[in-house]
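Subject: Structure handover

Hello,

Here is the structure I said I would pass on. My notes on what was found in it follow below.

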Amino acid sequence: MGVRLRGAILAKQIFCKSVSATNKRASVSADVPKGFLAVYVGESQKKRFMVPVSYLDQPSFQALLSKAEEEFGFDHPMGGLTIPCREDTFFHVTSGLHKS
């Protein structure tokens, strides 16, 4: 349980710092529905996806967030949360997550 709580706190910190950096560059986009966040995925060509915020407490999604933190810190080149993985990897990880 302690590991899961620590992971959830890490995910929240990454998300909050990313949102803070994004808000400094531009106002929050009106096309992101409440309860979702926009992420950019891809290795060379980045594609934008909407994911439910409920994914933030899922260990497999937290692994993607950790990878993003390692590569970009909290300065994401697309102005939003960028996840440095292939689209098929992103689909594989998120397809197994439950939308709550």
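A residue is called partly exposed here when its relative accessible area falls between the buried limit, under 20%, and the exposed limit, over 50%. Asp 88, with a relative accessible area of 41%, is therefore partly exposed. Please keep in mind that this is a predicted model.

Salt bridges

Asp 88 pairs with Arg 86 in a salt bridge, and their closest N and O atoms are 2.5 Å apart. Arg 86 has a relative accessibility of 44%, so this residue also counts as partly exposed. The search of the whole structure turned up three salt bridges.

Another of them joins Asp 31 to Arg 48, with 2.9 Å between the closest N and O atoms. This pair links distant parts of the chain, 17 residues apart: Asp 31 sits in the loop between helix 1 (2-25) and strand 1 (36-41), while Arg 48 belongs to strand 2 (residues 47-52). Asp 31 is partly exposed at a relative accessible area of 45%, and Arg 48 is partly exposed at 32% relative accessibility.

Lys 47 and Glu 87 also form a salt bridge through their side chains, at 3.8 Å from N to O. The relative accessibility of Lys 47 is 43%, which counts as partly exposed. Glu 87, at 26%, counts as partly exposed too.

Strands

Which strand is largely enclosed by the rest of the structure? That is strand 1, because five of its six residues are buried.

Strand 1 has pairing partners in strand 2 and strand 3. With strand 2 the arrangement is antiparallel, and six bridges join the two. Val 39 has Phe 49 of strand 2 as its bridge partner. The two strands make a hairpin with five residues between them. In the turn of that hairpin, Gly 42 has a positive phi of about 140 degrees.

With strand 3 (residues 81-83), strand 1 runs parallel, and three bridges join them. Here the bridge partner of Val 41 is Ile 83 in strand 3.

Regards

Methods
Residues numbered from 1 in each chain as written. Predicted model: local features only at pLDDT ≥ 70, side-chain atom pairs only at ≥ 80, totals over all residues. Heavy atoms only, no water. Salt bridge = Lys/Arg side-chain N within 4 Å of Asp/Glu carboxyl O. Helix = DSSP H or I, 4+ residues; strand = E, 2+ residues; numbered from the N terminus. Buried < 20%, exposed > 50% of the residue type's maximum accessible area, 1.4 Å probe, protein only. Pairing = 2+ DSSP bridges.
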